[in-house]
Every structure is written in C-alpha cells, then in structure tokens.
Amino acid sequence: LGAAAAAWFWFSKDAVEPSDSAAVASESNLVAPAAEPASPCAVENMGSLSELAFVQGCVKQAPSSAELLEVIASAKAGKHCGIAQRLYANRSQAGDVEIARAYAREYDPKYHQASECFAEPDAATAAYWYETILGSMPDDAEAKQRFEELKP
C-alpha cells in the first residue's frame, strides 16, 4: 500500500505541477498582443493615407458630430484642407445640421475666421450651406436669417 501511494505521488506530481523548465518554455511561446490599429479618423492617419482613403475610412467609422468637428479642427491645424472640406461636405450633405452650420460659418462673413483652409469669406458658399440646413430643418431661424442675408 505504501508503494502504491509513493507511485501515485510520484506520477501525479509531474501532471499537477510542471517543472520550472516547462513553465519557462510555455511563457516563451506567448505572443505579445498586437498593437491596436489607429482609428480611421486618427490624426496620425492624415499624413499616411491618401486624402480620399482617410475621408472614406472616417466616414465609414461614423463619428459623432462633436468628434468629427475635432477631426476637422485637427485637419485644419495640420493644413489638410481637402480632408476638412470633404468631411464637412459629406456630413453636411447627409443632413448633419451641426456640421453644416459649422461649414457655413467657415464661409459666412459674420463668423469667418481666416485660416489656411478657409482664407476668405464667401457669402454665396455660406448661403448654400445655410440652404442645405433649411432642407433638413425648414424652421431653423438662424439658417433662415443668414440665408436671406447672404443669398446671391
């Protein structure tokens, strides 16, 4: 009986507790987790992707209006004017009133702040984007007023 207990102990010891060399070998086979890819709208992608690829990826991600305004601000700051304009236009034409209002203000002489991407105010372009807002929200008082003042 003592021999059977010793044999059981001897053979079960290897099955229950792996030797140190086995533990080291299994740890060395672990794969480090892959770095998460940057979000399609990530600022670092503006310089590495084509303008069109960046815009398509960002549009597909469908960020909130507030998040998209941050991406647009980063694009403007980084002088990626085409990206800023395409993102504005895409979401404005899709009916995002907040984005359309911000885009209209880029051109509206009343709100215009000169930047490399939007150097000069353009009343006709501002009127167009205010009219776009009115297509989605016909009762928008500010858009109505600005459109009436700016329309060509």
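Me: How many aromatic pairs does the structure hold?
Reply: This model is predicted, local features need pLDDT of at least 70, side-chain atom pairs count only at pLDDT 80 or more, and totals for chains, interfaces and linings use all residues. Residues are numbered from 1 along each chain as its sequence is written, and side-chain values use heavy atoms, leaving out hydrogens and water. Rings of Phe, Tyr and Trp (its six-membered ring) pair if their centres lie within 6.5 Å. The number of aromatic pairs in the structure is seven.

Me: Is the pair of tyrosine 88 and phenylalanine 118 stacked or edge-to-face?
Reply: Planes under 30 degrees apart count as stacked, over 60 as edge-to-face and the rest as tilted. Here the ring centres of tyrosine 88 and phenylalanine 118 are 6.0 Å apart. Their planes stand at 70°, so the pair is edge-to-face.

Me: How many residues apart are tyrosine 88 and phenylalanine 118?
Reply: Tyrosine 88 is in helix α6. Helices are DSSP runs (H or I, at least four residues), numbered from the N terminus. Phenylalanine 118 is in the loop between α7 (97-107) and α8 (123-136). The pair links distant parts of the chain, and the two are apart by 30 residues.

Me: Is phenylalanine 118 buried or exposed?
Reply: Buried means under 20% relative accessible area, exposed over 50%, partly exposed in between (1.4 Å probe, protein chains only). Phenylalanine 118 has 1% relative accessibility, so it counts as buried.

Me: Which residue has its side chain in polar contact with the side chain of arginine 146?
Reply: Arginine 146 is in helix α9 (residues 141-150). At 5% relative accessibility, arginine 146 is buried. A polar contact is a pair of N or O atoms within 3.5 Å; within protein, one must be able to donate a hydrogen and the other to accept it, and residues adjacent in sequence count only if both atoms are side-chain atoms. At 2.6 Å, the partner is aspartate 108.

Me: What is the phi of alanine 62?
Reply: Most residues other than glycine have a negative phi. Alanine 62 lies in the loop between α4 (51-61) and α5 (65-77). Alanine 62 is exposed, with a relative accessible area of 54%. Its phi is positive, near 55°.

Me: Where is lysine 79?
Reply: Lysine 79 is not a glycine, yet has a positive phi of about 60°. At 53% relative accessibility, lysine 79 is exposed. Its place is in the loop between α5 and α6 (81-93).
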